[in-house]
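Q: Can you walk me through this one? I'm new to it.

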Amino acid sequence: MMITEAAKQLKLAFIKRNYDQFIKESVDLNDSYEEFLEKLLTAELQNRKTNRIQTLIRLSKLPTRATFNDYLTSHLSKPLQKQVTELKHLRFIDNQENVILIGNPGVGKTYLANTLGMEACLAGKSVLFVSIPNLVIELKEAMSSNQLTYYKRRFSKYDLVILDELGYVTFDQVGSEILFNLLSNRSNNGSMIITTNLNFDRWEETFKDPMLTAAIVDRLAHRAHVLDMSGTSFRVEDTKEWLK
């Protein structure tokens, strides 16, 4: 059987495309059979890892591909810098802990959440980014088409779910209840990052029901990393500079 055909059947895509080049290089370097095989298999594994990461990034729906190489902490207070440094290690995902980013619009909550999500993808973890208003719409659509159970099952399988913009839109009773149900189920299965412009004592403005709000806060804040990022909006500062 030809090497190309065998590699195809074994789903060794990189080897199928590049084995002849590796043979030439190994002959030139006078590699042993063992060295040649090790290099070829290592390259195949690295190619698969790269492809998997690209797939994870694409499926994550992250707004940008920013990493911590792009993230500056100089604008943050010392306590916040320490918290961000701790989160960079992604241990909160392995420990199934939540991260709640609180602050007024324009202070970088979504950017930090996106950056953590991107780093998680690069570490080989599955991520989903979705705004909470859109999530409620998707949940209602899934419920109307009898797909809610499937949606919840798929939602629970991500290593990290990033829920953006809690507090910008209020929900009716149905929206609040199905969101509560989804987040309660998720809290036992994986980590979440939530960005919000409201402190916990104001979440009732979004969910309307005091008891349901208390239950949501209890589940999400339990063992969570809470970062208060309130401060001057970057967008406001940029506008001031532009108007000068």
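A: Let's start inside: Phe171 and Phe207 are both buried, where buried means under 20% relative accessible area, exposed over 50% and partly exposed in between, with a 1.4 Å probe and protein chains only.

Q: What sort of model is this, and how are residues numbered?
A: This is a predicted model, where local features need pLDDT of at least 70, side-chain atom pairs count only at pLDDT 80 or more, and totals for chains, interfaces and linings use all residues. Residues are numbered from 1 along each chain as its sequence is written, and side-chain values use heavy atoms, with hydrogens and water left out.

Q: How many helices and strands are in the protein?
A: The protein has 12 helices and 5 strands. These are DSSP runs numbered from the N terminus: helices are H or I with at least four residues, strands are E with at least two.

Q: What about its radius of gyration?
A: The protein has 23 Å, while a compact globule of 244 residues would be near 18 Å. The radius is taken over C-alpha atoms, and the globule rule is 2.2 Å times the number of residues to the power 0.38. Along the principal axes, the C-alpha trace spans about 70 × 55 × 35 Å.

Q: How much of the protein is buried?
A: Buried residues are 42% of the 244.

Q: And contacts: what share links residues 24 or more positions apart?
A: That share is 81% of the contacts with a separation of 6 or more. Contact means heavy atoms within 4.5 Å.

Q: Back to rings. How many aromatic pairs are there?
A: The structure holds 6. Rings of Phe, Tyr and Trp (its six-membered ring) pair if their centres lie within 6.5 Å; planes under 30 degrees apart count as stacked, over 60 as edge-to-face and the rest as tilted.

Q: Why is the Tyr151 and Phe155 pair stacked?
A: Their ring centres are 6.4 Å apart and the planes sit at 20°, so the pair counts as stacked.

Q: Where do Tyr151 and Phe155 lie?
A: Both are in helix α8 (residues 148-156), 4 residues apart, about one turn of the helix. Tyr151 and Phe155 are buried.

Q: Why does the Phe171 and Phe207 pair count as tilted?
A: The planes are at 50° and the ring centres 5.8 Å apart, so that pair is tilted. It links distant parts of the chain: Phe171 is in the loop between β3 (160-166) and α9 (173-187), and Phe207 is in helix α10 (residues 204-207), 36 residues apart.

Q: Which residues form a ring cluster?
A: Phe68, Tyr71 and Tyr111 are linked by ring pairs into a cluster.

Q: New topic. Where is Thr67, and what does Thr67 touch?
A: Thr67 is in the loop between α3 (33-60) and α4. Leaving out residues up to four places away in sequence, Thr67 touches Thr115, Met118, Glu119 and Leu122.

Q: Is Thr67 buried or exposed?
A: Thr67 has 11% relative accessibility, so Thr67 counts as buried.

Q: How about Gln81: buried or exposed?
A: Gln81 is at 19% relative accessibility, so Gln81 counts as buried. Gln81 sits in helix α4 (residues 78-87).
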